[in-house]
Amino acid sequence: MGKLSHDDAKARLADLAEGWALDEDGTALARSFETRNFLSAQNIALLAGAIGEAMGHHPDLSYGWGHARIVFTSHDAGGLTARDFDVAARLDAALG
């Protein structure tokens, strides 16, 4: 799957839920969540991991008490591909 241009990535960003953002150089897609407690943050991270596993495209995850951060990038392409946005959209749908 080919790397998206910065303009294409910005255009695809509009199709995702509020909160997703491109990193400074446009090579990663990230969303941060504020949660009520550790378990809620862990559940978001576990859901993102399970969706990534099912789709064969795994996120970078970090979480702790009251926060979770999900990051997608396609390391093999050197930036963002359609897969990153597809997995992010699936996570959005699962979170409702």
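Good morning. Please keep in mind that the model is predicted. I shall begin with the helices and then turn to individual residues.

Let us take helices H2 and H3. Helix H2 covers residues 38–55, and helix H3 covers residues 82–95. How do these two helices pack? Their axes are 10 Å apart, and the angle between them is about 130°. That angle makes H2 oblique to H3. The crossing of H2 past H3 is right-handed.

Which residues form this contact? From H2 come Ile44, Leu47, Ala48, Ile51, Gly52 and Met55, and from H3 come Asp86, Val87, Arg90, Leu91, Ala94 and Leu95.

On the H1 side the residues are Ala9, Arg12 and Leu13, and on the H3 side they are Ala82, Phe85 and Asp86. The contact of H1 with H3 divides into 4 nonpolar residues, no polar ones and 2 charged ones. Please note Asp86, which is listed in the contact with H2 and in the contact with H1.

Is Thr81 buried or exposed? Its relative accessibility is 0%, so Thr81 counts as buried. The side chain of Thr81 makes a polar contact of 2.8 Å with the side chain of Ser74. Leaving out residues up to four places away in sequence, Thr81 touches Ser74 together with Met1, Gly2, Lys3 and Leu4.

Lys3 is placed in the segment before H1. In contrast to the buried Thr81, Lys3 counts as exposed, at 51% relative accessibility; the cut-off for exposed is over 50%. Beyond residues up to four places away in sequence, Lys3 touches Ala77, Gly78, Gly79, Leu80 and Thr81. With Gly78 there is a further detail: a polar atom of the Lys3 side chain lies 3.4 Å from the backbone oxygen of Gly78. Lys3 and Leu22 are 19 residues apart along the chain, and their C-alpha atoms are separated by 14 Å.

Thr35 sits in the loop between strand S2, residues 29–34, and helix H2. Why is Thr35 called buried? Buried means under 20% relative accessible area, and Thr35 is buried because its value is 16%. A polar atom of the Thr35 side chain lies 2.9 Å from the backbone oxygen of Asn37.

Which residues does Thr35 contact, leaving aside neighbours within four places in sequence? They are Ser40, Ala41, Ile44, Gly66 and His67. Finally, Thr35 and Trp65 are 30 residues apart in sequence, while their C-alpha atoms are 7.7 Å apart in space.

Thank you for your attention.

Notes. Residues are numbered from 1 along each chain as its sequence is written. This is a predicted model: local features need pLDDT of at least 70, side-chain atom pairs count only at pLDDT 80 or more; totals for chains, interfaces and linings use all residues. Side-chain values use heavy atoms; hydrogens and water are left out. Helices (H or I, at least four residues) and strands (E, at least two) are DSSP runs, numbered from the N terminus. Buried means under 20% relative accessible area, exposed over 50%, partly exposed in between (1.4 Å probe, protein chains only). Contact means heavy atoms within 4.5 Å. A polar contact is a pair of N or O atoms within 3.5 Å; within protein, one must be able to donate a hydrogen and the other to accept it, and residues adjacent in sequence count only if both atoms are side-chain atoms. Axes are lines fitted to C-alpha atoms, for helices over the stretch in contact, and angles run from 0 to 180 degrees between N-to-C directions. Angles under 35 degrees count as roughly parallel, over 145 as roughly antiparallel, 65 to 115 as roughly perpendicular and the rest as oblique. A crossing is left-handed if the near helix is turned anticlockwise from the far one by less than a right angle, and right-handed if clockwise. Ala, Val, Leu, Ile, Met, Phe, Trp, Tyr, Cys and Pro count as nonpolar, Asp, Glu, Lys and Arg as charged, and the others, Gly among them, as polar.
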